[in-house]
Amino acid sequence: MTDGPIEEGATEATREEKIRGILAQVQEDVRMGHAGDEEELLRQRLSDAGIGVTEEQLRLYLG
């Protein structure tokens with residue numbers, strides 16, 4: 001059971017593809033003003049997805 005819709009093919013994505021997809025969503029939420037703290041939102045979304053990343057990896061994704 002999920003808390004929200006799952007896009008077709010989402011379960012077939014690689015770990016990297018999932019992270020990049022979540023990052024794109026986070027960046028768009030921040031750009032649209034729906035969120036203020038990109039880093040915190042990315043941490044939360046990755047955690048919700050069960051994807052663990054190191055601090056170094058997180059910094060690399062945030063560029």
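Student: Which residues of α2 meet α3?

Tutor: Happy to show you, and keep in mind that this is a predicted model. From α2, the residues are Glu 38, Glu 39, Leu 42, Arg 43 and Leu 46, and they meet Glu 55, Leu 58, Tyr 61 and Leu 62 of α3. Sorted by class, that contact holds five nonpolar residues, four charged ones and no polar ones.

Student: How do I describe the geometry of such a pair?

Tutor: In general, two packed helices are described by the angle between their axes and by the distance between those axes. Here, helix α2 covers residues 38–48 and helix α3 covers residues 55–62; their axes come within 11 Å and cross at roughly 120°.

Student: Are α2 and α3 parallel, perpendicular or oblique to each other?

Tutor: Angles from 65 to 115 degrees count as roughly perpendicular and those over 145 as roughly antiparallel, and the pair crosses at roughly 120°. The two helices are therefore oblique to each other. As for handedness, α2 passes α3 in a right-handed crossing.

Student: What about the crossing of α1 and α3, left-handed or right-handed?

Tutor: Helix α1, residues 15–31, and α3 have axes that come within 11 Å and cross at roughly 55°. That angle makes α1 oblique to α3. Their crossing is right-handed. On the α1 side the contact is made by Arg 15, Glu 16, Ile 19, Arg 20 and Leu 23, and on the α3 side by Gln 57, Tyr 61 and Leu 62. By class, there are four nonpolar, one polar and three charged residues in this contact.

Student: Let me zoom in on one residue. Is Glu 39 buried, partly exposed or exposed?

Tutor: Glu 39 sits in helix α2 and has a relative accessible area of 35%, so it counts as partly exposed. Setting aside neighbours within four places in sequence, Glu 39 touches Leu 58 and Leu 62. Its C-alpha lies 9.7 Å from that of Gln 27, a residue twelve positions away in sequence.

Student: How many helices and strands are there in the chain?

Tutor: Three helices and zero strands, which gives the pattern α-α-α along the sequence. Of the chain's 63 residues, 17% count as buried. The chain exposes about 4900 Å², with 48% of that supplied by carbon and sulfur atoms. Finally, among contacts with a separation of 6 or more, 40% come from residues 24 or more positions apart.

Technical notes: Residues numbered from 1 in each chain as written. Predicted model: local features only at pLDDT ≥ 70, side-chain atom pairs only at ≥ 80, totals over all residues. Heavy atoms only, no water. Axes fitted to C-alpha atoms, helices over the stretch in contact; angles between N-to-C directions. Helix = DSSP H or I, 4+ residues; strand = E, 2+ residues; numbered from the N terminus. Parallel < 35°, antiparallel > 145°, perpendicular 65-115°, else oblique. Left-handed = near helix turned anticlockwise from the far one by under 90°. Contact = heavy atoms within 4.5 Å. Nonpolar A, V, L, I, M, F, W, Y, C, P; charged D, E, K, R; others polar. Buried < 20%, exposed > 50% of the residue type's maximum accessible area, 1.4 Å probe, protein only. Areas by Shrake-Rupley, 256 points an atom, 1.4 Å probe, with all protein chains shown as cover.
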